[in-house]
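Here is a briefing on one protein chain. Keep the sequence and the coordinates open while you read.

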Amino acid sequence: YALQGVAENGPAAKGGLQAGDIIIGVAENKIGNLDDFDSALRKFKGGDTVEITVKRAEKELKLKVTLDP
């Protein structure tokens, strides 16, 4: 599912995520649905920097997102 949007000045926006991005990976975890995403994020804590892989306009991008503490 494509992101509908990201909160201005939130961790996702600061990390470079944009509306329309499709999250396909969190660190080494493949993401196929919302449950996968939730499970992957639970492995980290606030302040951690996590590599997020997104599909944007048929390209895969790796972005670094620092989670809110």
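**Sheet, core and pocket**

β3 and β4 pair in the antiparallel sense over eight bridges. This is a predicted model. Four strands make up an open sheet, in the order β2-β1-β3-β4, with antiparallel pairing. The edges belong to β2 (29-30) and β4, each with a single partner strand, so one side of each has no neighbour in the sheet.

**Strand pairing**

- I52 has L63 in β4 as its bridge partner. V50 has V65 in β4.
- β1 and β3 run antiparallel and are joined by four bridges. Here I23 stands opposite V54 in β3.
- β1 and β2 also run antiparallel, joined by two bridges. G25 has K30 in β2 as its bridge partner.

**Hairpin turns**

- β1 and β2 form a hairpin with two residues between them. A27 has its place in the loop between these strands.
- Phi of A27 is near 55°, a positive value in a residue other than glycine.
- Is A27 buried or partly exposed? A27 has 25% relative accessibility, so A27 counts as partly exposed. The cut-off for buried is under 20%.
- β3 and β4 form a hairpin too, with two residues between them. A57 sits in the loop between β3 and β4.
- Phi of A57 is near 50°, again positive in a residue other than glycine.
- A57 counts as exposed because its relative accessibility is 69%, and exposed means over 50%.

**Nonpolar core**

- Which residues form the largest nonpolar core? There are eleven: L17, I23, V26, I31, A40, V50, I52, V54, L63, V65 and L67.
- The elements that give two or more residues to this core are β1, β3 (49-56) and β4 (59-66).
- β3 supplies the largest share, three residues.
- In soluble globular proteins, nonpolar side chains tend to be buried together.
- I52 and its partner L63 are both among the core residues. V50 and its partner V65 are both among them. I23 and V54, which stand opposite each other, are also both included.
- A40 is another core member. Leaving aside neighbours within four places in sequence, A40 is in contact with V26, N29 and I31.

- L41 lies in helix α2. What does L41 touch, leaving aside its neighbours within four places in sequence? L41 is in contact with V26 and L67.
- L41 has a relative accessible area of 28%, so L41 is partly exposed. The core takes buried residues, and buried means under 20%.
- The C-alpha atoms of L41 and I52 are separated by 10 Å, and these residues are eleven apart along the chain.
- A13 is found in helix α1 (residues 11-15). Its relative accessibility is 29%, so A13 counts as partly exposed.
- Leaving aside neighbours within four places in sequence, A13 is in contact with V6 and A7.
- How many residues along the chain lie between the positions of A13 and V65, whose C-alpha atoms are 8.6 Å apart? They are 52 residues apart.

**Largest pocket**

- The largest pocket has a volume of about 250 Å³.
- Its lining is formed by Y1, L3, D21, I22, I23, I24, I31, G32, N33, L34 and F37.
- The elements that give two or more residues to this lining are β1 (22-26) and α2 (34-41). β1 gives the most, with three residues.
- By class, the lining has eight nonpolar, two polar and one charged residues.

Terms used:
Residues are numbered from 1 along each chain as its sequence is written. This is a predicted model: local features need pLDDT of at least 70, side-chain atom pairs count only at pLDDT 80 or more; totals for chains, interfaces and linings use all residues. Side-chain values use heavy atoms; hydrogens and water are left out. On a 1 Å grid over the protein atoms alone, a cavity is a set of points where a 1.4 Å probe fits but cannot get out, and a pocket is an open set with protein on both sides within 12 Å along at least five of seven lines; lining residues have an atom within 4 Å of a point. Grid points are joined across faces, edges and corners, and a volume is the space filled by probe spheres set on the points. Ala, Val, Leu, Ile, Met, Phe, Trp, Tyr, Cys and Pro count as nonpolar, Asp, Glu, Lys and Arg as charged, and the others, Gly among them, as polar. A nonpolar core is a set of buried Ala, Val, Leu, Ile, Met, Phe, Trp, Tyr and Cys residues joined through side-chain atoms within 4.5 Å. Buried means under 20% relative accessible area, exposed over 50%, partly exposed in between (1.4 Å probe, protein chains only). Contact means heavy atoms within 4.5 Å. Two strands pair if DSSP finds at least two bridges between them.
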